[in-house]
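Subject: Structure handover

Hello,

Here is the structure we talked about. Please open it alongside this email; my notes follow below.

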Amino acid sequence: MFKIVKREELVPSSVILHEIHAPRVAQKTRPGQFVIVKATETGERIPLTMADTDPVAGTVTIIFMVVGKSTALFASLQEGEGYADLIGPLGRATDIEKVGHVVCIGGGTGIAVLHPIARAMKEAGNRLTVILGARSADFMILKDRMSALADTFISVSDDGSTGKKGFVTDALQETLALGKPELVVAIGPVPMMKAVSEMTRPDGIHTLVSLNPIMIDGTGMCGGCRVSVGDKVKFACVDGPEFDGHAVDFDGLSQRLSAYKEEEQAAMEIHRCRMEAQAANSDQQS
Amino acid sequence: MQEKKSKIQDRHPMPEQPANVRRHNFLEVPLGYGEETAMAEATRCIQCKNPQCVQGCPVAVPIPQFIKAIAEGRFSEGIRTIWEKNALPAVCGRVCPQESQCEGQCILGKKGSPVAIGNLERFLADWERKKGDGSLPEKMAATGKRVAVVGSGPAGLTVAGDLVLKGHDVTLFEAFHKPGGVLVYGIPEFRLPKAIVESEVKTLEKLGVNLVCNTVVGRAVDVKELFEEGFDAVFVGVGAGLPSFMNIPGENLIGVYSANEYLTRANLMKAYDPAYDTPMVVGRNVAVVGGGNVAMDAARTALRMGAESVKIIYRRSREEMPARLEESHHAEEEGVEFMLLTNPLRFDGDERGRLTSVTCKRMELGEPDASGRRRPVPLDGSDFTMDCDLAIIAVGSGANPLLTSSEPEIALNRWGNIEADPENGKTSMRGVWAGGDIVTGAATVILAMGAGRKAATSMHDFLARGW
Ligand SMILES: Cc1cc2nc3c(=O)[nH]c(=O)nc-3n(C[C@H](O)[C@H](O)[C@H](O)COP(=O)(O)OP(=O)(O)OC[C@H]3O[C@@H](n4cnc5c(N)ncnc54)[C@H](O)[C@@H]3O)c2cc1C
Ligand SMILES: Cc1cc2nc3c(=O)[nH]c(=O)nc-3n(C[C@H](O)[C@H](O)[C@H](O)COP(=O)(O)OP(=O)(O)OC[C@H]3O[C@@H](n4cnc5c(N)ncnc54)[C@H](O)[C@@H]3O)c2cc1C
Ligand code: SF4
Ligand code: FES
């Protein structure tokens with residue numbers, strides 16, 4: 001078992017942080033890489049990026065949003081409990097270089113994925129503009145850590161409850177007006193990454209995005225994670241998860257991500273019913 | 001009953017679940033011989049002085065000897081005879097292509113039906129698991145040498161078993177959360193119950209093999225680092241798991257799976273068992289592209305998942321189909337339809353990106369190509385479209401570059417397979433051996449085991465005397 005040594009609710013019952021004991025993985029991980037976790041024997045294999053690692057303590061940190069049955073199950077795991085399986089590090093590490101001015105854009109839980117990359121970019125000597133976007137103040141995770149890394153920090157929210165009201169693309173537009181950065185890294189929901197890539201395309205600003213297709217093995221064996229990049233089919237688990245945003249077929253990715261929507265909604269309903277039945281049971285017992 | 005005309009008695013048929021029952025369950029199809037039938041079948045063997053069957057066996061199992069043991073009711077001795085050459089008889093008895101190996105060479109096959117060698121091998125292995133005393137083979141004294149085996153398919157399992165018996169300290173690394181390779185993620189439960197693979201692996205663990213799952217070598221640890229960690233030798237048996245697609249339009253639609261993905265979801269992740277969370281598209285009209293064992297397994301799995309119609313689309317004719325006879329036969333009995341001389345051109349979907357139909361072209365056979373098989377040639381104007389909401393692509397697989405691209409010292413051929421000495425499995429990197437599908441390309445369980453055995457012998461030599 002891979003034991004959870006620390007649990008935190010970054011957004012109550014919605015965005016959860018787990019620090020997990022996995023020394024071999026912690027030693028070897030570089031920014032941009034992910035793990036596949038499985039909570040129980042009968043659970044699914046779910047990919048999650050490592051938001052942080054501590055090679056000394058031998059821990060990796062994952063931050064995930066509760067979206068379906070599996071992530072709901074993960075969220076119910078407490079300190080001292082753990083995951084049955086954890087496989088990693090997987091995927092290619094981000095190329096970290098000193099290029100000059102780097103704009104890091106994170107949306108929602110994508111901020112967690114962005115965090116180690118932004119830190120490494122900063123450590124490599126780049127000037128960093130960080131733009132974070134979220135639905136509302138409640139969903140703006142890792143704000144303090146990210147603003148501490150940034151030379152320029154901008155946050156936006158859909159409802160204006162934190163930072164400016166608006167989207168990350170508004171903030172990006174303003175940033176681009178001040179001068180052309182060498183690199184843009186955008187990680188978040190597919191529509192956000194698509195919009196950012198469209199915005200940087202006319203000026204040919206190199207734009208990296210991190211894709212999150214459905215995965216099973218994470219080792220290039222099933223082809224489930226295939227995405228069209230340029231005119232090639234790539235496997236995100238081994239060729240990615242980062243790709244050139246100007247070459248990615250985002251619409252195809254969105255479609256493939258919806259593959260199990262119906263099945264998962266049904267699973268989630270059953271899961272909820274069970275949880276409620278359990279809660280009702282324990283109410284009766286107490 | 002009618003008197004037998006020929007002197008050669010007919011082979012005892014394998015009892016099986018009826019086709020109309022089994023197509024709805026994941027239980028094993030052949031039920032296995034009982035003791036009496038096994039002994040009766042064993043007496044059919046004429047104990048040739050120069051047994052052709054053994055020559056047909058890639059690892060030269062002493063076939064007449066173990067058959068004699070069965071005939072005389074010495075089952076425990078029989079299984080030990082097999083073990084000398086084959087560590088996984090319960091697996092091989094079920095999945096080896098016997099008709100083209102041992103049984104294909106059996107002298108009785110010239111005039112009638114060959115001895116049912118595979119069924120007898122399976123019988124002994126199953127008998128031992130149920131009734132045997134569970135005694136383990138004896139281990140040699142500890143050598144203090146450490147061996148890392150990467151990949152827990154038949155090749156890796158064989159190497160681990162051989163070397164642990166020779167007294168080495170063996171660690172088996174596996175990328176998945178369960179060991180067994182294709183035996184657990186590819187070959188379905190109804191052909192090879194997973195409990196059998198588990199029991200073989202348990203035996204290895206009892207012998208002292210240290211099993212480390214969830215570890216991708218090349219990512220979590222590199223081959224070089226294994227040596228730095230104190231391993232003296234490394235065996236690479238990572239298989240040929242990279243799925244091939246056809247590069248035709250619509251292959252990224254929802255409902256188009258590689259056979260690897262489909263079978264992994266079904267077998268390893270047990271999508272057929274409601275207790276598991278694994279989601280999977282359950283097709284009503286299923287098209288499986290390909291004609292090998294993998295295609296048959298996918299088609300039969302789709303039937304069991306609840307499909308109304310399952311079609312195999314294969315571009316050549318029946319004669320060229322690479323699947324084992326037993327498998328294509330079983331598939332057909334269960335209701336899988338074969339669309340031969342047919343090639344898919346494109347997949348079409350609805351506005352949500354879900355597969356709705358496949359368009360194909362009819363083919364005819366032309367001149368033989370490089371492989372010696374007659375090449376399929378498209379028939380003009382023969383395009384047709386059929387409904388299809390699940391398609392499974394089973395057109396072969398290649399070498400997975402994950403490990404090899406992380407270790408440039410290991411030389412590859414132009415297909416990305418590892419170049420290893422066929423005699424002993426040595427690679428171009430000192431201290432590293434390789435075998436199984438990663439060397440030969442997709443092949444068979446017994447060939448992977450044979451390669452594992454040769455490598456293990458050479459590795460033992462190296463550990464005692466040097467490269
Ligand atoms: C490389 C990578 C890194 C990721 N990193 C993070 C992260 O750091 N934090 C975070 O919150 N999320 C991350 N995700 C997304 C996360 O894996 C999904 O949100 C999660 O799988 C949803 O599972 P579920 O069963 O709870 O939800 P559902 O959406 O109900 O599950 C649908 C099922 O379909 C598949 N599936 C559906 N959506 C996805 C998806 N986006 N990715 C993979 N499989 C999916 C899985 O089999 C999943 O179990 C990452 C995805 C990838 C590929
Ligand atoms: C669906 C299907 C049906 C088949 N049916 C038959 C049949 O009926 N009869 C027959 O004889 N053959 C059959 N075969 C072929 C046979 O299964 C293979 O030839 C055989 O399994 C090859 O063995 P292997 O040990 O080389 O590799 P595999 O069985 O492929 O095992 C390789 C293992 O290595 C692991 N691995 C890969 N990369 C890494 C890494 N970097 N680090 C750690 N671990 C790694 C994999 O997860 C896997 O577990 C079938 C194959 C398939 C796919
Ligand atoms: S060839 Fe057939 S008859 Fe002869 S020893 Fe082998 S199994 Fe027996
Ligand atoms: S997850 Fe299977 S190939 Fe990428």
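By class, how many nonpolar, polar and charged residues does the shell around ligand 3 have? The shell has ten nonpolar residues, no polar ones and no charged ones. Please keep in mind that this is a predicted model.

Ligand 3 first. The residues around ligand 3 include four cysteines: B:Cys45, B:Cys48, B:Cys53 and B:Cys106. Two prolines are there as well, B:Pro51 and B:Pro64.

Now ligand 1. This ligand has 23 residues around it. Those that come nearest are A:Glu44, A:Pro47, A:Ile63, A:Met65 and A:Thr71. By class, the shell around ligand 1 holds 14 nonpolar, six polar and three charged residues.

Next, the polar contacts of ligand 1:

- A:Thr71 places a polar side-chain atom 2.3 Å from an oxygen atom of ligand 1.
- A:Met65 has a backbone N or O atom 2.9 Å from an oxygen atom of the ligand.
- A:Gly68 has a polar backbone atom 3.0 Å from an oxygen atom of ligand 1.

On its own, ligand 1 has 820 Å² of accessible area, and the protein covers 90% of that.

Which elements of chain A give two or more residues to the shell around ligand 1? They are strand S4 (46-54), strand S5 (59-65) and helix H2 (69-75). S4(A) gives the most, with four residues.

Best wishes

Terms used: Residues numbered from 1 in each chain as written. Chains lettered and ligands numbered in written order. Predicted model: local features only at pLDDT ≥ 70, side-chain atom pairs only at ≥ 80, totals over all residues. Heavy atoms only, no water. Near = heavy atom within 4 Å. Nonpolar A, V, L, I, M, F, W, Y, C, P; charged D, E, K, R; others polar. Polar contact = N/O pair within 3.5 Å; in protein donor to acceptor, adjacent residues only side chain to side chain. Areas by Shrake-Rupley, 256 points an atom, 1.4 Å probe, with all protein chains shown as cover.
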